[in-house]
Amino acid sequence: MTTLLAVDDAHITYRHGRETIQAVRGVTFNVPEGRACGIVGESGSGKSSLARAITGLVPLSKGRIAVRGMAPVTRSGPGGVRMIFQDPIGSLNPRRRLIDIVAEPLRIAGTSTSVARKIAARMLQEVGLDPATFGTRRPGDISGGQAQRIAIARALVAEPTVLVADEPVSGLDVSIQAGIINLLHALTTRQGTALVLISHDLSVVQTLCDHVVVLNNGLVQEQGNIREVFTNRNNAYTRQLISAAPDF
Ligand code: ADP
Ligand code: MG
């Protein structure tokens, strides 16, 4: 299977005056086409730093990240990486109509307004929002769960190669989390997107991911097939993470 995302010995260092923080220290993993990789670990372990590096927003101090063999770029389409965040409403332009928010990546890629709106309407349907009802609304007029559906529609409308989701359901009611997770799974599998899912919720990761990377303090504690890692519990840090997780 084709490897879409290759993270090779990634190191991320922040500088604050004379202080340096080594947020990520030698992380290596691959994500093939249509597969999902989970990144788990306590707060401060370097998950979001890694996410920003995969989107090309943060430089590596050492190592390499490649999307289809090329340096990552934040855009839609082949070779592009898109990201969705914990706070969907905050990541949507409050003044724009939802149809145009979803159409925007296509517009940026050069698609005409009318064609982009048609494709966006289909995408709204795909994420379970009737375009006739929701197309003309603005982000202030919808719920958090609906906003996350819009964020997913916008991220996937132009079929990026990689999607990075950083705690995509943490801000949502438990009752609507499963719907969002199923949606992410269905769309990324169908499009063949390589998904990187960051979540402190191990059940969410287990539902969606094939492979899991356990991060602690910027270091990979262990990684592998999700069932093996979560069932065998060979690693002491992973055991601790699992025992600290409620209902897992
Ligand atoms: P996580 O997402 O797992 O909570 P982060 O990647 O946000 O972890 O943070 C990893 C480490 O890097 C933490 O020690 C954090 O304080 C530090 N860090 C994150 N972002 C910055 C930044 N922009 N400048 C300096 N330090 C940062
Ligand atoms: Mg984080």
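How far does a backbone N or O atom of Ser45 lie from an oxygen atom of ligand 1? The distance is 3.2 Å in this model, which is predicted.

| Residue | Protein atom | Distance to an oxygen atom of ligand 1 |
|---|---|---|
| Gly44 | polar backbone atom | 2.6 Å |
| Ser45 | backbone N or O atom | 3.2 Å |
| Ser48 | polar backbone atom | 2.9 Å |

Ligand 1 taken alone exposes 560 Å², and the protein buries 64% of that area. The space that the ligand takes is the largest pocket.

The shell around ligand 1 holds 13 residues, of which Gly44, Gly46, Lys47, Ser48 and Ser49 come nearest. By residue class, the shell divides into seven polar, three charged and three nonpolar residues. Two or more residues of the shell come from each of strand S1 (3-16), strand S2 (19-32) and helix H1 (47-54). Helix H1 gives the most, with four residues.

As for the protein as a whole, its secondary structure comes to nine helices and 10 strands. The radius of gyration is 18 Å, close to the 18 Å given by the globule rule for 248 residues, so the protein is as compact as a globular protein of that length. The C-alpha trace spans about 55 × 40 × 40 Å along its principal axes.

Technical notes: Residues are numbered from 1 along each chain as its sequence is written. Chains are lettered from A and ligands numbered from 1 in the order in which they are written. This is a predicted model: local features need pLDDT of at least 70, side-chain atom pairs count only at pLDDT 80 or more; totals for chains, interfaces and linings use all residues. Side-chain values use heavy atoms; hydrogens and water are left out. A residue is near a molecule or strand if one of its heavy atoms lies within 4 Å of it. A polar contact is a pair of N or O atoms within 3.5 Å; within protein, one must be able to donate a hydrogen and the other to accept it, and residues adjacent in sequence count only if both atoms are side-chain atoms. Accessible areas come from the Shrake-Rupley method with a 1.4 Å probe; for residues, only the protein chains shown count as cover. On a 1 Å grid over the protein atoms alone, a cavity is a set of points where a 1.4 Å probe fits but cannot get out, and a pocket is an open set with protein on both sides within 12 Å along at least five of seven lines; lining residues have an atom within 4 Å of a point. A molecule sits in a cavity or pocket if more than half of its atoms lie within 2 Å of its grid points. Ala, Val, Leu, Ile, Met, Phe, Trp, Tyr, Cys and Pro count as nonpolar, Asp, Glu, Lys and Arg as charged, and the others, Gly among them, as polar. The radius of gyration is taken over C-alpha atoms; the globule rule is 2.2 Å times the number of residues to the power 0.38.
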